[in-house]
Number of protein chains: 2
Amino acid sequence: MVERRKSIPVEEAVQRVLTNAKALEGEEIRIEESDGRYLAEDIVADHDVPPFNRSPYDGFAIVAGDTAAASRDNPALFEVIETIGAGDVAEKEVTNGSAIRIMTGAALPKGADAVVMLELTSEIDGSEGRQIAIKRPFKSGDNISWQGEDTASGSILLKKGRKITPGVKAVLATFGYAHVKVYKRPVVGVIATGSELLEVHEPLEPGKIRNSNAHMILAQIRQTGAIPVYLDQLKDDFDQSFERVSLALDAIDVLITTGGVSVGDFDYLPAIYEKLGAEVLFNKVGMRPGSVTTVAKLKDQQKWLFGLSGNPSACFVGFELFAGPYLKTMQGVTNRFLQSEEAVLSVDFPKSNPFTRFVRCRVKREGGHLYAAPVGLDKSNVVTSLADSNALMILPGGTRGYKSGESIKVLLLQGEGSDKFCL
Amino acid sequence: MVERRKSIPVEEAVQRVLTNAKALEGEEIRIEESDGRYLAEDIVADHDVPPFNRSPYDGFAIVAGDTAAASRDNPALFEVIETIGAGDVAEKEVTNGSAIRIMTGAALPKGADAVVMLELTSEIDGSEGRQIAIKRPFKSGDNISWQGEDTASGSILLKKGRKITPGVKAVLATFGYAHVKVYKRPVVGVIATGSELLEVHEPLEPGKIRNSNAHMILAQIRQTGAIPVYLDQLKDDFDQSFERVSLALDAIDVLITTGGVSVGDFDYLPAIYEKLGAEVLFNKVGMRPGSVTTVAKLKDQQKWLFGLSGNPSACFVGFELFAGPYLKTMQGVTNRFLQSEEAVLSVDFPKSNPFTRFVRCRVKREGGHLYAAPVGLDKSNVVTSLADSNALMILPGGTRGYKSGESIKVLLLQGEGSDKFCL
């Protein structure tokens, strides 16, 4: 009657999911559409930065030597022979005693070897800008941004796998990437199962609850960069569920189901995996919540099936630990895991538990330290706490509880991610 | 010749931008389209959670008293009179000696006052599931999720101003918010100015650089939740720029320009603000980079104009400090400022500076502490460092430099934000 399952440790479960997981191929898209995507090519400088010697200030380009003896009482005088804006190239050459008025970003004129900021010069009365005075010495090279001092042409600026942020877009634009190669986004289908489920617009009925998992999972999928598709909400019925799941697999890269993976009499997912001929990578993990999280793989098609618990918190945790890193791997993401940090537990957790727990919590920084407090009750059906948590605290299983002030690890939900999975 | 401007402190500049800034009105959208938007209404529970007494486990609903004397050698026996799945309501009542097989999430049947997990029961041989044995005592109330124990009907679950995350969506779905009221998103036009600018697809020319600021700013705008619109790239020409800016103002809520706000001869933005009759809130801020950041306001139309520097780093910082919080205010966001944290400086910064500096840096957590190191050279024209920084370190102006190991403040670029502006 009761199916006996073999539990494996969380680390091993993550390992099984990611072994043989591969990035999808790349596609070229316009820079305008690239926000939040992941680079599928290294970004290389197509020119020196700065591309020419240029002025970082508004001012005058001069020969520095002319100011060697300049002082308040004995200013050096210059004749202004030309004015150039950013984007212009001076027609004239700077020679001793002459200066070219130059704007921020403009190329250093020939002959000049220093720039003097506008505010350190004064106009000679009555010259109408044609003559200026400088009252202190400047050295050759002062206030010049040298060609290539930031980056030399040909150097790798950004490695593939990086997320395209505003700063990355600035780099792409600077180096002429009007199109950029990014990893394709996997299409992820979501099916919620459970005869107790109502759609969000339906009024409550005795014994029923509204389907919150599908909406949550769709948003979690979107956060990874993948494309979520809500397929269906199914009753606990084997034939209908089998048909819907088989059909779904044609159109998508990954299928995520919620519910139906436990050992209840109406939990049909295990039987569906079997009938599909899918290889079950694991169906029990040594953790709370989410111990029934099941991951299976269609052998020939390289399609993964994630069977998450129907319990909202278990569903959330199962997604973040297993499905999230897998979807990021498909997009070539380097930092595919939740970022793990040390924190100080700010309440007692007296009850021991043989299993590793992932407790929804809020972390707060104070005085450079990170403090973690659980959010709400930690019953795994408490849905409101999911909105308030910004991390999962990891409480390794064992025979003792945990005390306020102890150092623990937390997984940050909104962090930058990590390239290693660390518990 | 040189326009003299009055510099104001950063805090005062932020204050001037946000005084009288208001949230746009709300709009109802479908839950499916609500990811990343900001709640314009408090979310209220329309029912108790759980909505009925239910079982958190697969198992059997019984009268607890029947197990009072149960032991390994003397198990309590039960007749299984019905089986209910989640979503079903039992037809029968549990009486002494009877049990109803119950799945996770199903409503507790009448008469039952405890649930025993499936794995703590055993089937009587040959009974074909009709009889079970329980080998230890259970108390009244064991393994029941009580109606309302999580949340009582009518209570406020989430306050307006919150960002819609996966966890928030779970709450919305649970409480029947098929439609949710969110703040409208401001439409933000971007115009890049500078005769030196080439479009990203154009080959480099002497004295010219590609326009990276517009692409960066568009991505920064998108990150705030607002709708970015790239309008144009303009030469340093007063008439053309004035016409384009005037025209743009009709179609947008906010205009962001890059370049043209300095005191160079080709910096026309100040003159454009004047001709538009805009009130200049400030045009010089006591900070580096970004000291020329200018913010103006069209008096009658309540339209803000942000004039950011044409220098990429100054442009980035000017956006994050002033435009970002303003765009978030328009969307009713509570945590509209960059989150400020204490960090340990991990290199020397020997040079003193009279102005508060915002240095692009990378923060790293180690052993619960936050360490900050500047990214690349800190010349404000170093564009690659923008891609690598995840924070801005704040180095207050003064007569001394900073030493490795000193405690400083950083503003996190990817944090959760803060409701206060703290330097």
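Biologist: Leaving aside neighbours within four places in sequence, which residues is A:Arg365 in contact with?

Modeller: Contact here means heavy atoms within 4.5 Å. By that rule A:Arg365 touches A:Leu370 and A:Leu412 in its own chain, plus B:Gln339, B:Glu341, B:Arg365 and B:Leu412. A:Arg365 sits in strand β21 (residues 356–366) of chain A; helices (H or I, at least four residues) and strands (E, at least two) are DSSP runs, numbered from the N terminus.

Biologist: What should I keep in mind about the model and its numbering?

Modeller: This is a predicted model, where local features need pLDDT of at least 70 and side-chain atom pairs count only at pLDDT 80 or more, while totals for chains, interfaces and linings use all residues. Residues are numbered from 1 along each chain as its sequence is written, chains are lettered from A and ligands numbered from 1 in the order in which they are written, and side-chain values use heavy atoms, with hydrogens and water left out.

Biologist: OK, how much area do chain A and chain B bury between them?

Modeller: Buried area is the accessible area (1.4 Å probe) that two parts lose on being put together, summed over both. For this pair that's about 7,500 Å², 57% of it on carbon and sulfur atoms. In residues, 93 of chain A are in contact with 93 of chain B.

Biologist: And how many salt bridges does the rule find across that interface?

Modeller: The rule wants a side-chain nitrogen of Lys or Arg within 4 Å of a carboxyl oxygen of Asp or Glu. It finds nine across the interface of chain A and chain B. Take A:Arg222 with B:Asp35: their closest N and O atoms are 2.6 Å apart.

Biologist: Which helix gives the most to chain A's side?

Modeller: Helix α2 (residues 166–174) does, with nine residues. By type, the side of chain A that touches chain B has 40 nonpolar, 27 polar and 26 charged residues. Ala, Val, Leu, Ile, Met, Phe, Trp, Tyr, Cys and Pro count as nonpolar, Asp, Glu, Lys and Arg as charged, and the others, Gly among them, as polar.

Biologist: What does UniProt place at residues 189–329 of chain A?

Modeller: The unreviewed entry lists "domain: MoaB/Mog" there; such annotations may be inferred rather than shown by experiment. That span is 37% helix and 28% strand, and its end C-alpha atoms lie 17 Å apart.
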